[in-house]
Amino acid sequence: MKPVWTLTAAALGLSMAAFAQTAAPPKPAAPKPAPGRAAVANLPKDIAFPKLNEIKVPQTQRFVLANGMTVFLLEDHELPTVKASALIRTGTRYEPAAKAGLAAITAEVMRTGGSTARPGDKLDDELDRLAATVEFGMGRASGTASISCLKEDAEKAFIILADLLQHPAFPQEKIDLEKEQARAGIARRNDDPMGIHGRELRRLVYGKLSPYATQAEYATLDAITRQDLLVFHSRYYQPENVILGVWGDFDPAAMKALIERTLGVWRKGGHPRPPVVEVDPTLAAKPGVYLIEKTDVNQSNIGLIRLAGKMSDPDYYDNTVMADILGGGFASRLFNKIRTEMGLAYASSASYSPGMDIPGTLSVFIGTKSETTMKAIEAMKGELARMAAAEVTDAELRTSKDSILKGEAFDYASTGQVVSRLMNYEYYGYPADFLQRFRAGIEKVTKAGVLASARKWLQQDQFILLVLGKTADFDQPLTKLGPVTPVDYSIPQPEGPKLDAATPQAEQAGLALLAKVKAAHGGAALDAVKTVSQTAEIKISTPQGDMAIQQEATGSMDGKQVVKMITPMGEMMQGFDGERAWAKQGPTVREAPAAQSALAKQSAVRDTISLLQNFAKPGYKVQALPGEKLEDKDVAAVAITHEPSKTTVKLLIDPATGLLAGKSYTGSVMGQPGTVVERYLAFGDVSGVKLATHTVMSLNGRKAVETTVKEWKVNPPASPSMFSKPQ
Amino acid sequence: MKPDSRTIRLACAAVALLSAPWLAAQDSFAEFEKKVTEFTLDNGMKFLIVERHNAPVVSFYTYADVGSAQEVKGITGMAHMFEHMAFKGTRKVGTKNWAEEKNALDQVDRAFLALRAERDKGSKAGKEQLAELDKAFEAAQEGAGRFVVPNELGKLIDSAGGRGLNASTASDKTDYFYSLPSNAIELWFYLESERFLNPVLREFYKEAGVVREERRMRTDSNPVGKMIEEFLAVAYKAHPYGEPGIGHMSDLMNFTRIDAEAFFQQHYMASSLTCVLAGDIDPKRARTLAEAYFGRLPKRPRPEPVRTAEPRQEVEKRVLLKAQSQPWVLIGYHKPAATHPDGPVYDAIGSLLSDGRSSRLYRRLVTEKKIVAGAGGFPDFPGEKYPGLFFFYAAANPGKTNAEVEKAMYGEIDDLKTNLVSQEELDGVKRRARSSIINSLSSNTSIGMQLAKFQVLTGDWRNVFKYLDEINKVTPEDVRRVARATFTESNRTVGYIEMAKPGEMAKPGAGN
């Protein structure tokens, strides 16, 4: 530390210099420092910056265990804690697409399921006694493991970590729990508009089939077995795949011995190092304009994105400075133009995220009210064009470089950060002095380099533009920018349980049973049904108690329907014209989200009359299933699969009468997905057709809806327009 | 009141190891206390200097003892608005010519007031007049804009190699923070003192537009954000904790730079500021610079305290939001302020319920009953200074209803009222509290937050460590007593988010 007087003198001297620079008229005298007080600078430029105290680069030890594990150690005695973190050569990019979710579930159950010696829940207690955490995580390109504990507990924490890495138990019950958690995550992934937008940007730029954009779905979770976890674990969790970093309050020799004792005994796996999974550019969406229609928001999320390069590319330094000047911080152009000058957005930034071993992305994000969507897009595009049109100013270049270079000391401010950086360089094959090379590279960036970078990367026809918002309120239609492609962000609903392949016998038996059912329900009269309507009383079980609704519904056998509901809250109509679902309440008519239309389409396929009319036609597959119990009644079962829509319905049949006893399928009730079972308690005869007049519908085993039909009509007078969205 | 912790899922320890030093909090933290130098300027401004010479960097943390709880009707959102304005510069930073800019800014205010007066006429407002006044307002803004050096404050910090420049506003506080290489500390003394000596609230009306966008992002277009606003509005009928910190849209449309100046004069004085400087810094030099720079801030009396108190709640209140969202259950119970002697008991309850894999809500509702995807409960929402809520949240698993989840939550809450927690479980809480404090001392930034908060709310930063003694005194009987007094039906507000069916959605707020 410099003595105070030197600085005071320096500050004073510079203040005077500043006054000298100021043109006439003369300014009032500098405020007189109170006795014993240092002088204050008049302007920021008057402030003297003394030489920076020496940056102590913490010295990290690196060694490799006999089993191939790489270890970094860094002592730090400031606090009585020990922290460790490991990078493991695995990642979601190595899981099969049909089993998306496998990698993350493996990592999580390694912890929750415990080891063969330490069952998961007991492990929670044991770790609690140690006041420590041992956790595992999974990224796209690496797995992680970590320890955080007080120093006196380090030994026990390492014993546990080593045990879990080598001998995870993977009990089925914890796998099931983790799948249930993952399902909840899927169900909730469309709740936050910004979350939807960020996810869909990624799926567009890498392609939804790319391992860099895949996500777990209900179907991929269903496909994951315990055996898959065992295989995935043994393939990737091997010592030669692990880079371990430890920092904190320990003696390095003792720590090295502890690591040898616990992790050094882990036997080599012998599997080759997993290769980098390259990005397949043919999977990506084409550059252009994409839209997510969301009617419940008043702000648009606007994103531009394209694939950019890697950190090892020669233009990494130019690109870093270019993106920083475009949209990095308070000094950036996007911030100054769109936020400060135009007041259009709270969030407005550019982000250059080069990959370590695969191409990363260059993206721009803005959030602005619906009514200024196009205005903001145009301003954003204007800034991109300006970057590519001419060189940045000297001041912009200086500020950007200074902000990176003068903050060097922060790169050494925490030991954890120093160790993590070295681990990452090692993991991705970067030289250990890459940080120094980075600084040297930034130092060399010129205005010409920034311009070249902008011209290479900011070509506007190379970007994907994704807008999430309520188009009805936009200032101008998005189509002004070109053709607009809607993005389907709906959640694929869970498929039903997988059926074994049908044997010819099962198929024949199924067809025979269904013929009997069809005859019992009306035979030729049933085939003649084109439209049915019903007037019914519906009781919906809600958390607040039962709610009664009067319903008038008409459905046609080509899948269209219209439903009028009279509820305690008023009258409401819903319809489906074969393509789109809509709703009307009072004078307001709304089109339903795409997901809702898809559900309506599926539910039309599941219609009982339609199934009985069509089961023998092409596109349908039938198979008899073993008999089962429905509310203590023995019933026969037949599965009908409609192949184009991948919809399977199980019909449950009273073997004595051939009448339907019920129907089950995977669907949703009141927006909740799950297994739906309908039970038919009474039938009525309408124009020679037997239709259920009393139905109880349950979702996941709980009663959800009870329907009592007062009147059925077959082929009532109907006009095609009755199903269309009212104008 | 509980120290902040970034550490999630910190393990709780069950057994009190006799060798463990946590029983004697004071001894174990004496080493840290030696690094702290404190002084108060003549004008009442408080400084804490924490020496950590590991790296030549310093983090600066300014805690202003003013938050959205200090707002009144008409200017909701002003504490947060001022926070945004505190990045706009001063009479010397961010301007090309202050004397002329000053006149131009006054002109902008006049133009805005004229436009607002016409708008206030509602349907009787003249269309032409509105258009003309709007044009004049735009022109005035453009005129003032000519004198602006945009974002100069941010650029100066960037150029010095600064990191983490930001600020935040909550119910009880507004905090301003960043870090600099340690040779640049005088830049902070300069900028931060100018910020509170001569702030210029330039570009006010454009920044109000930015804040409206922030509101659209956090509240209007986000189901959980929207629900929190409705929930607090129902839970509080008197105290300003019921008002949204981001501000009502109409206030964000109508408040003025003059209102903001008045708010600043009323709430920002030397004695409402506490600064923590942590890192490679010499306390003697810090004091010299503090006296020179911050000694210039005038000594002004503190504002009148908030005297409106939330009356005792006597009926259960319920809110239902239908939105494009999977279900959520929120439950809030009124409790005393965090500084109440029972504060540590409430913290212990929060910890028992939701810290770590063996915590009650995780183990019983996530792992065993598999009814929720996640759940938690913690005291002092939305603030700590005045009586806040003990706040629970839970996200149902697919196929489970909010009603089932609510019932399961009550099962856990009632357990606390009926059965005594085991000493072992409580010891885990105590051990966890100590770990949490140790971890909060691992970075300059988190040290700043921690010490400032305790300094302001309890009057002494050392209470960060004394808090451990307090939590160590909590008994199983305390937990049951406090749970019985607090978790009653008439004292609670319950909020549900349920998935809207088509036609059930509320229309999103007009864009404005």
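1. Two strands count as paired if DSSP finds at least two bridges between them. In this predicted model, one such bridge links A:Val134 to its partner A:Ile147 in β5(A). β4(A) and β5(A) pair in the antiparallel sense, with 6 bridges, and the two form a hairpin with 4 residues between them.

2. β5(A) also pairs with β3(A), again in the antiparallel sense, over 8 bridges. Here A:Lys83 has A:Ser148 of β5(A) as its bridge partner. β5(A) is mostly covered, with 6 of its 8 residues buried.

3. Where do these strands sit in the sheet of chain A? The order is β1-β2-β6-β3-β5-β4, an open sheet of 6 strands with mixed pairing. The edges are held by β1 (61-64) and β4 (133-138) of chain A; each has a single partner strand, so one side of each is left without a neighbour in the sheet. From one strand to the next the twist averages 15°.

4. The parallel part of the sheet includes β2 (residues 70-75) and β6 (residues 242-248) of chain A, which are joined by 6 bridges. One residue pair there is A:Phe72 with A:Gly245, the latter in β6(A). Helix α4 (residues 154-166) of chain A packs on the sheet and touches β3 (81-88), β4 and β5 (143-150) of that chain. The direction of α4 makes about 160° with that of β5(A).

5. Turning to the two chains together, the contact takes 93 residues from chain A and 88 residues from chain B. On chain B, the elements that each supply at least two residues to the side touching chain A include α5 (152-159), β4 (163-169), β5 (174-181) and α15 (423-440). The largest share of that side, 9 residues, comes from α7(B). By type, the residues of the side of chain B that touches chain A divide into 35 nonpolar, 30 polar and 23 charged.

6. How many residues of α7(B) are buried? The count is 16 of 17, so this helix is largely enclosed by the rest of the structure. From its first C-alpha to its last, α7(B) reaches 22 Å, close to the 24 Å expected at 1.5 Å a residue.

7. On confidence, the predictor gives the complex an ipTM of 0.91 and a pTM of 0.82. Chain B has a mean pLDDT of 92, and 92% of its residues reach 70 or more. Over residues 4-26 of chain B, however, the pLDDT is below 50. That stretch has 62 contacts in the model beyond near neighbours in sequence.

How values were computed:
Residues are numbered from 1 along each chain as its sequence is written. Chains are lettered from A and ligands numbered from 1 in the order in which they are written. This is a predicted model: local features need pLDDT of at least 70, side-chain atom pairs count only at pLDDT 80 or more; totals for chains, interfaces and linings use all residues. Axes are lines fitted to C-alpha atoms, for helices over the stretch in contact, and angles run from 0 to 180 degrees between N-to-C directions. Two residues are in contact if their C-beta atoms, placed from the backbone, lie within 7 Å. Ala, Val, Leu, Ile, Met, Phe, Trp, Tyr, Cys and Pro count as nonpolar, Asp, Glu, Lys and Arg as charged, and the others, Gly among them, as polar. The expected span of a helix is 1.5 Å times one less than its number of residues. A residue is buried if 20 or more other C-beta atoms lie within 10 Å of its own, exposed if 12 or fewer, and partly exposed in between; C-beta atoms are placed from the backbone. pLDDT is the predictor's confidence in each residue, from 0 to 100.
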